[in-house]
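This report is meant for a reader who is meeting the structure below for the first time.

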Amino acid sequence: MSIPAFASAQKDTTNTGDKDFDPTPVIMEHIGDSHSWPFVFPLVAEKPIPLPVILYTDKGMEVFSSSKITPEGTIYAGTYYSYKLEEKKVKIVDAAGKVDENATVYDFSITRNVVSMFMTIAVLLIVFLSVSSTYKKRAGKAPKGLQSFLEPLILFVRDDIAIPNLGIKYVRFMPLLLTIFFFILINNLFGMIPFFPGGFNLTGNIAVTLVLSMIILFVVNLNGNKHYWKHIFMPNPWWLFPIMIPVEIVSIFSKPIALMIRLFANITAGHIVILSLISLIFIFGTLWISPVSIVFVVFMDMIELLVAFLQAYIFTLLSALFIGMAVEEHHHEVI
Amino acid sequence: MELVTPDIGLVFWTTVCFAILLFILGKFAWKPILEAVKERENSIETALQRAEAAKDEMARLTNENEALLKQARVERDLILQEARKVKDQIISEAKESANTEGHRMIEMARLEINNQRAIAMADVKNQVASLSLEIAEKILNKQFEDQKKQDELVAQLLKEVKL
């Protein structure tokens, strides 16, 4: 939920006069990623803070500030090619300023989402390293301060997620599960803050959830024991081979994909709903609708707060479940 | 469709960031935290067990003490009873011995008295005998002052002797 988006939206509507307000670009701008961080000085000005653009082309690396290619359409002549932004994507352009569709460019820019990820990771590191040192200092004593706030969460992940699904093998997977849980949780929560340090949509970005689910895919399949593989390639009875083997192989991939879609869809949907409710004020073009919007937004924010915890929990729980199924030492009973 | 197309850049940075986060937190946060929690849980567990054991020990000691006390009481009673018995015995023995001693002394006194009396009687007899002899001598002296009477008695005595 970002104020900057609305600041610009409002400006646009006032500029274009009677034209109806279209919430889609506003919402999409927030939900997606961008090469600059929109920053608003309340009631004064809106200023996009430029971020570094890092491009990998067939000729080599290019690094420059995103201020060179904003606003959208500005052409920047780099070392190897000329670039411009088109629908927030960096494209190579030819001398005439037309997009060269054949040239491929890989965009490794430090975008808004990457910066926000750096920020949340810094917060996670500061918080947990300090808590960890508190544990060392206060060994054997009752938890205190931040430690006593986080310990129930850590114990929750251990006792209610890891141990029930992984049994005695839980110790090995605890770091992964805890990291995933707190990474998703903090990004969900920061995403709910409408201005700096929030105002982004990281866990509602398919690239992030893709990486998280791929990690789970690798962890599950690299740790799968012989029971797990036997279950996939030697189903019982033998004449089910032609049906069961493809089904099982699909299920290997469908599980992480479900994880990916679930987190992405939940967080993005929440952001879209809240932004749509606020957009009502601009769609109706009257201030009188704002109490309705605010009531609904507060209500949705509370639901989103629940969803933030719930999705972190579900992602971690299902990860633990899938890993647990792969490492379980079970004995097939022949029925 | 743009929404569900992952950007290579964000995928790359997420992978890198997550890997670093996992490494650092795993090494410097989760491991010490989980170990500390485990350790504390263990210490609480052992403390509880020890408290339980101490309670049992306490109960055992109390029981033992009570048993000891009871035993001591029984013993004391026994000792008192014994002492009483001994006392009674000593008293009765003392009485008995006093009795026998008394009897013995009385017997001895009686014997002594008898002896003394016998001695006294013998003395009296002797004196009576000597007195009577003296008296008889004096009487005889008086009766036989006359010669004729002597002759008469000799004659009578001779007559009585029959050869």
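In this predicted model, nine residue pairs, both members at pLDDT 80 or more, are in polar contact across the interface of chain B and chain A. On the side of chain B that touches chain A, 22 residues are nonpolar, while five are polar and five are charged. The contact brings together 32 residues of chain B and 51 residues of chain A, and between them the two chains bury about 3,600 Å², of which 80% lies on carbon and sulfur atoms.

Side chains of opposite charge can pair when their charged atoms come close. Over all chains the structure holds ten salt bridges, and three salt bridges are found across the interface of chain B and chain A. The table lists two salt bridges that join these chains.

| Residue in chain A | Residue in chain B | N to O distance |
|---|---|---|
| Glu151(A) | Arg40(B) | 2.2 Å |
| Lys89(A) | Asp7(B) | 3.4 Å |

Chain A is divided into domain 1, covering 52-107, and domain 2, covering 112-327. The centres of these two domains of chain A, taken over C-alpha atoms, are separated by 34 Å.

How far can the model of chain A be trusted, as judged by its mean pLDDT? The mean pLDDT of chain A is 86, and 93% of its residues reach 70 or more. Over residues 7-17 of chain A, however, pLDDT stays under 50, and the model has eight contacts beyond four places in sequence for this stretch. Where pLDDT is low, the predicted coordinates should not be read in detail.

Definitions and conventions. Residues are numbered from 1 along each chain as its sequence is written. Chains are lettered from A and ligands numbered from 1 in the order in which they are written. Side-chain values use heavy atoms; hydrogens and water are left out. pLDDT is the predictor's confidence in each residue, from 0 to 100. Contact means heavy atoms within 4.5 Å. Buried area is the accessible area (1.4 Å probe) that two parts lose on being put together, summed over both. A salt bridge is a side-chain nitrogen of Lys or Arg within 4 Å of a carboxyl oxygen of Asp or Glu. A polar contact is a pair of N or O atoms within 3.5 Å; within protein, one must be able to donate a hydrogen and the other to accept it, and residues adjacent in sequence count only if both atoms are side-chain atoms. Ala, Val, Leu, Ile, Met, Phe, Trp, Tyr, Cys and Pro count as nonpolar, Asp, Glu, Lys and Arg as charged, and the others, Gly among them, as polar. Domain bounds come from an automatic or database domain assignment.
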